[in-house]
Amino acid sequence: MVATEPQDAAADSRSSSTHETATRTVTSEWKTALASAKVHMKTDRITVAAGSFAYRWFLSLFPIIIALLGVSALVDVPRHVTVVLINGVTKALPAGAAGVFTSAIKHSEGHSDGAVTAIVIAGAVAVWSATSGMVMVEEGLDMAYELTMDRSFISKRVRAIPLLLAAAVLGGGASALVVFGQSIGREVKNALPFGGSAFLVGWTAVRWVVALALVGLLFSVLYYAAPNRPHPQWRWVTPGTVVGTVMWAAISLGFSFYTTVSGSYSKTYGAFAGVAILIFWLYLSGIAILLGGEINAAFERQASAHLHTQPGTVEG
């Protein structure tokens, strides 16, 4: 037994050394990737692409709302459902942005005249604007991955349609958990015999984790399908997905808190405060998406460089 102690100590030392080396390698790779992404962010002008994305998606939001309100007018949505919508939007969005939507919801009550026409026209405008915004994401990610942008006008918009569906399902699911999660939690708590304050705390944690997971999955779908690659490889989690999701969550929470406690937006923009807040939030969300793509591209460049510098690697 005594003879094995030096061997065990040597094995522990080697294991510790290997762990430290791996940690330094990962840290170095992240530093290099972030530095590379910072440089490419400037050359790829992601702020310009994010601005175009925000503008086009902002244009699509109100036709979508008009179409949905037209549907609600036709089916005669009950008053309590409208109240839940208003309360959920008010709690989930910054004050100014929430006011834009709640005002539209209130004015839609009892106005069914021309609902079908509104649905058709608003739906067409919404799809066109939304696909244009998704095209900006495609082009921005193409620049990040240094891919050729030779897709035709039609093919870009055809590719944008499934991306929009993914955004509607995953982003809509995340939004539903954020907007209506508290109301759902209260209903479930009242229906369960063991519901209490501990349940509400646990439910809040679960719904936010699931919402962030849905947003992360949406980012992964965008990084997989949006770039102009002939043979993309699916990855559930990437460095860009993690950074983009965390940045988006921080932007949403931080900006919501800022606009809630600060009245500077209302003083500066007056009646247009809600519009300014919404556009700015969309702009920052676009930066989060494109920044994640730049980080993924930086890691891929590192992997390619390591592959070509390994001994015995044959290029061709």
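**Pocket, cores and loops**

Reply: We start with the second largest pocket, which has a volume of about 240 Å³. On a 1 Å grid over the protein atoms alone, a pocket is an open set of points where a 1.4 Å probe fits, with protein on both sides within 12 Å along at least five of seven lines, and lining residues have an atom within 4 Å of a point. A volume is the space filled by probe spheres set on the points, which are joined across faces, edges and corners. This is a predicted model, in which local features need pLDDT of at least 70 and side-chain atom pairs count only at pLDDT 80 or more, while totals for chains, interfaces and linings use all residues. Residues are numbered from 1 along each chain as its sequence is written, and side-chain values use heavy atoms, with hydrogens and water left out.

Me: Which helix gives the largest share of the lining of the second largest pocket?

Reply: Helices here are DSSP runs (H or I, at least four residues), numbered from the N terminus. Two of them, α7 (197–225) and α10 (273–309), each supply at least two lining residues. The largest share is three residues, and the helix that gives it is α7.

Me: How many charged residues does this lining have?

Reply: The lining includes Y145, R229, R235 and E300. Asp, Glu, Lys and Arg count as charged; Ala, Val, Leu, Ile, Met, Phe, Trp, Tyr, Cys and Pro as nonpolar; the others, Gly among them, as polar. By class there are four nonpolar and five polar residues, and the charged ones number three.

Me: Which side chain makes a polar contact with that of W248?

Reply: W248 sits in helix α8 (residues 239–261). Leaving out residues up to four places away in sequence, W248 has contacts (heavy atoms within 4.5 Å) with L212, V215, F219, W281, S285 and A288. A polar contact is a pair of N or O atoms within 3.5 Å; within protein, one must be able to donate a hydrogen and the other to accept it, and residues adjacent in sequence count only if both atoms are side-chain atoms. At 3.4 Å, the partner is S285.

Me: How many residues does the largest nonpolar core have?

Reply: A nonpolar core is a set of buried Ala, Val, Leu, Ile, Met, Phe, Trp, Tyr and Cys residues joined through side-chain atoms within 4.5 Å. W57, M134, L141, L163 and I289 have the most contacts inside the largest one, whose residue count is 40. Elements giving two or more residues to this core include α2 (46–75), α5 (115–144) and α6 (153–191).

Me: Why does S129 count as buried?

Reply: S129 belongs to helix α5 and touches R56, L59 and S60, not counting residues up to four places away in sequence. Buried means under 20% relative accessible area, exposed over 50%, and partly exposed in between (1.4 Å probe, protein chains only). S129 is buried because its relative accessible area is 9%.

Me: Is Y55 buried or exposed?

Reply: Y55 is part of helix α2. With a relative accessibility of 52%, Y55 is exposed.

Me: What is the phi of E146?

Reply: E146 lies in the loop between α5 and α6. E146 is exposed, at 52% relative accessible area. Its phi is positive, in a residue other than glycine, and near 60 degrees.
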